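Here are my comments on the model you sent. They are set out as numbered points, to be read alongside the structure.

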Amino acid sequence: MNEEDSLVDREYNLTDNSPANGLESYDHDRERLGENGRFVFDHVQMLTKPLSMLPTFDKRYSNIFLFPNSASDIKDIANTESILRYSTFKRQKPQLYTSNIAGILEFNDHDAHQMRVTITSRFFDQGEPCSLGDDWFLAYMMDKVLNFNILGLDFDTERDGAWQKMLMLMVPFHLERAMSKGIYKQYMSRQYNDSRPRGVIDIPRHISSNMPFHGTIAYNTREFDVDNPVTELIRHTIEYIQAQGNFGTQLLRNVNRNTDRYVREIRQATWKHYDPNARAKIIHENRVHPVRHALYSEYRDLQQLCLKILTKQGVDTGCGKDAVHGILFSCSWLWEEYLNTLLSGHFKDYEVKHPRNLDQHKKDALKWPIFKVDGTDDQTENWLIPDFLLKSTDDDRESIVMDAKYKPRKNISRDDRFQLLAYKLYFQSHKGLFLYAAKDEAEKEKEDRKLIVAGDETHTVEEISLVVGKGQAKTYNEYCSLMKQREKRFLSDIDDYIMEDTNHPVDDKS
């Protein structure tokens with residue numbers, strides 16, 4: 001087998017925000033490549049296009065599922081961000097790099113070409129990239145944030161089953177987000193035949209059903225009902241997962257996300273019209289009528305996920321298919337939400353406010369206007385959205401701003417620091433923190449530091465890291481125990497900084 005033939009039927013293991021080793025030789029000069037090389041070349045070129053536009057360029061890429069949102073409705077990734085990108089940093093020739101996204105992609109075509117690209121966390125890099133199932137740090141964050149473990153998924157020997165389980169593992173998270181808005185309702189046309197008519201009498205049906213007259217009247221009405229095609233789709237997905245044996249039973253009993261309670265509520269809402277044999281009809285109705293109202297955007301994400309599970313769209317990995325399918329995660333989002341699980345409820349004298357940048361398109365989002373139009377109460381479209389704001393429960397204490405950075409300390413940029421200073425100025429805070437990741441203890445000891453604002457030594461910024469590397473752990477369980485110890489030290493470092501000089505008075509203007 002020559003070098004180009006080896007491009008197919010193989011896995012490229014990459015890490016986020018790092019050189020795309022193995023693919024960089026196939027990012028230019030398509031004409032000099034053979035058939036296998038062109039297969040790789042075409043997909044590499046597609047992956048450098050904006051992720052939000054991929055389905056527009058090629059419908060095959062509509063089967064990529066981006067967590068926490070579907071690829072068709074991306075809110076957590078910048079419109080210009082791509083899976084692969086070119087960087088000219090300190091180089092004359094552009095080099096192919098990965099971006100701030102992790103996950104797994106598989107590519108197939110009609111000529112039996114296959115290729116897999118796995119992107120894992122750079123902070124768990126042990127000298128060379130690993131497969132998705134060997135990245136304990138990524139698995140640990142998913143376990144803490146999403147309450148599922150990817151380490152049991154075997155994409156080599158059980159490919160179709162692993163993809164299907166990956167999608168099903170996302171259901172509790174999306175179900176919780178959707179149900180936080182209440183059970184979805186929509187107007188439904190109903191037909192009844194009883195003695196209390198509450199709609200338009202259906203004369204033909206009444207004559208055929210109630211003659212001779214025996215006290216009931218056939219009529220039609222419209223009801224604002226919780227039993228509708230969307231909730232029916234969720235119900236069918238729940239029953240499909242339940243049928244997966246022990247895996248499905250445990251998934252639907254996810255007490256950390258109240259999944260068991262939400263499952264009961266959906267079953268109760270759909271008990272009257274649920275029909276196990278009507279699954280194809282329900283799938284068709286949801287495909288034709290997707291949720292469009294902005295208030296129920298969470299239900300739209302859940303609806304798309306349910307359709308992918310029930311239709312196995314993007315999961316069939318047979319060689320004869322011309323398809324691209326994958327599941328991707330926003331590393332910055334995952335890191336930020338993981339830190340939120342540590343910070344929320346930890347501070348005795350502070351309330352942790354987490355504005356969630358992903359939800360800033362919503363009217364009730366937590367954000368602060370920078371400017372108002374002079375002479376009016378009109379606010380401009382410019383907002384301050386810190387990652388975390390510690391709001392003191394004591395009115396005599398000032399707030400403290402925290403900024404989560406999924407990057408090494410050396411990569412915290414000038415703009416990042418200006419951003420934190422802007423937060424401190426707005427909230428009249430003397431203290432601010434950068435919370436970042438470190439590979440090992442040596443890096444933490446070397447990089448953690450305290451900065452003093454020039455000209456005013458009462459204003460400081462602390463840069464505190466959480467060590468996330470493998471360390472001496474030999475198993476994933478040992479790694480989890482190690483991370484719990486590291487988390488205690490991380491929170492202790494934050495506490496020590498907050499307790500330093502806490503007597504700064506709050507300005508009366510605040």
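**Notes on the predicted model**

1. Ile203 belongs to helix 6, which spans residues 203-210. The model is a predicted one. With a relative accessible area of 54%, Ile203 counts as exposed, because the cut-off for that class is over 50%.

2. Strand 6 (residues 114-120) is another matter: seven of its seven residues are buried, so the strand is largely enclosed by the rest of the structure. Gln114, Arg116, Thr118 and Thr120 point one way from the strand, while Met115, Val117 and Ile119 point the other way. Residues on both sides are buried.

3. Which strands pair with strand 6, and in what sense? Strand 1 (residues 10-15) pairs with strand 6 in the parallel sense, over six bridges. Within this pairing, Asn13 has Thr118 of strand 6 as its bridge partner. Strand 5 (residues 101-108) pairs with strand 6 in the antiparallel sense, also over six bridges. Here Gln114 of strand 6 stands opposite Asn108.

4. His293 lies in the loop that runs between helix 10 (279-288) and helix 11 (297-311). Its relative accessible area is 51%, so His293 is classed as exposed. The cut-off is over 50%. The His293 side chain reaches the backbone nitrogen of Leu295 at 3.0 Å.

Key: Residues are numbered from 1 along each chain as its sequence is written. This is a predicted model: local features need pLDDT of at least 70, side-chain atom pairs count only at pLDDT 80 or more; totals for chains, interfaces and linings use all residues. Side-chain values use heavy atoms; hydrogens and water are left out. Helices (H or I, at least four residues) and strands (E, at least two) are DSSP runs, numbered from the N terminus. Buried means under 20% relative accessible area, exposed over 50%, partly exposed in between (1.4 Å probe, protein chains only). Two strands pair if DSSP finds at least two bridges between them. A polar contact is a pair of N or O atoms within 3.5 Å; within protein, one must be able to donate a hydrogen and the other to accept it, and residues adjacent in sequence count only if both atoms are side-chain atoms.
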